[in-house]
Amino acid sequence: MPDVSGMRFSESHEWVKQDGDTATIGITEYAQSQLGDVIYLELPTVGQQLDAGGRLGVIESVKAASDLYSPVGGEVADVNQELKDHPEYVNQDPYGKGWIIKLRAIKDNPKLLDEKAYDDFVKGQAPA
Amino acid sequence: MVVTAERTPLYEEHVRLGAQMTNFGGWLMPLQYTSIREEHRAVREAVGLFDLSHMGEIRLKDDAVAQRLLTRDLTALRTGRVQYALLCNDDGGIIDDVLVYAVADGGYLLVVNAGNQDSDFDWIRSHSPDGPVFNVGREWALVGVQGPRAVGLVQRLTPSPLDGIKYYAFIEGRVADVACVISRTGYTGEDGFELFCGNDDAGRLWRALLEEGQADGIRPAGLGARDTLRLEAGMRLYGNDMDDKTNPLEAGLEWTLSLDKDFIGRDAIVRARQSGLDRRLVGLKMLDRSIPRHGYRVLRDGRPLGVVSSGNVSFTLGYNIAMAYVPPALTEPQTRLEVDVRGSAAPAEVVSLPFYKRPHPK
């Protein structure tokens, strides 16, 4: 079981983990399993401002292209460059080396779910 | 209205293997078991196992009707051989693409696309109201064994010598003690077989191939990998790359036409050739990392002039590829075009099809 302690989740299946004034963002295990093989990510550049719940980028799997949304607002501080050559990390380790971006100057989003609430939310989703 | 997807006789096997299922052409089929990338690689490098039981089979015993409905001259097709051909409508539009098997007890077996099997049957029946035509797709299971190790694997399970079966030929025999039609055909660009057997025997055949194939690195492969494999091999997918508004010349399938015989659609196709085509199917290689997909617009210097019919990553080649319809003047290899990917003009160039050819064809 991956360590998701301290993470919060969006209903669009992103996770965010705040560490001091930096927030790391990725997609959930459920999201990666639904997408299947990730082959490309279209991501913002460092310095760009994102709104909480605003469009973060696009994630493409063999099956389809899907929008990514930022669970919190802030300024892009870092982008996972490893994903350019290894998009499969998002499938293999969505909460670890498959992280997507880091934000600073964070504007929090009170609508995010904790682990229990997110699990219940996923269980309520119709099976794909 | 409740729409219920049909299940193949291998449905329980897919569930047991943990497959993600999807509705394809009215059939509940495995999309992937573990990973499309891994399943794709297994077929290119080892061997993959496919459930193709959703495909339709139509038995057509009347030679004259077959000659009238199929685009290819079948008189030269010897018993035990297979041909790729088309069914066209009066306007020359493609109703379906099919494999024609010349079977021993006379006439033909057509293997047709899953979603078209009932409409194909109705079409054929309407041209042969009282003739010997039978819709037998739901009586047959079909299992694909594809990849460089496929022939060796199947050979270990059958007393029939397989070396003598040429590409696009078939025999009757037993595989894992199951009575089969053993056909050297496929939709992946690799060597291998498609095995037809009765529904009741399908599970036994499937499990025997999986077990014996362990030593070869076999993987069950779903429709996801089937699609990325056929795209690399430049094989058209009915419904994506062609439909009843597409004529065979546009789709680059002139090699399936015997224009010196009379068949339904022939005159319209000849007229289209004389008046010139508006579009033709080409291969595109993406020059950046954008992924082209069905329905995306093709541009030239920013102006829209075509459309992507199929596109995805090519796991084997390491870049992204598409098939697209563009004006005939822009079909020369190395012609630079763009694909509109979410509002950005992604650079692409025309390449010849297929994108991928296996290294040592038999």
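Start in chain B by selecting helix α6 (residues 202–212), where B:Ala202, B:Leu205, B:Trp206 and B:Leu209 are buried (20 or more other C-beta atoms, placed from the backbone, lie within 10 Å of the residue's own; helices are DSSP runs of H or I with at least four residues, strands are runs of E with at least two, and both are numbered from the N terminus). Because these residues cover an arc of only 100° around the axis, they lie on the same side of α6(B), the arc being that of the directions from the helix axis to the C-beta atoms.

The model is predicted, so local features need pLDDT of at least 70 and side-chain atom pairs count only at pLDDT 80 or more, while totals for chains, interfaces and linings use all residues. Residues are numbered from 1 along each chain as its sequence is written, and chains are lettered from A and ligands numbered from 1 in the order in which they are written.

Next, select the open sheet of 3 strands in chain B, which has the order β1-β3-β2 with mixed pairing (two strands pair if DSSP finds at least two bridges between them). β1 (6–7) and β2 (20–24) of chain B stand at the edges with a single partner strand each, so one side of each is left without a neighbour in the sheet. Strand β3 (residues 27–32) of chain B pairs with β2(B) in the antiparallel sense over 5 bridges, and B:Pro30 in β3(B) is the bridge partner of B:Met21.

Finally, turn to the contact between the chains, which takes 10 residues from chain A and 12 residues from chain B (C-beta atoms, placed from the backbone, within 7 Å).

Notes
Two residues are in contact if their C-beta atoms, placed from the backbone, lie within 7 Å. A residue is buried if 20 or more other C-beta atoms lie within 10 Å of its own, exposed if 12 or fewer, and partly exposed in between; C-beta atoms are placed from the backbone.
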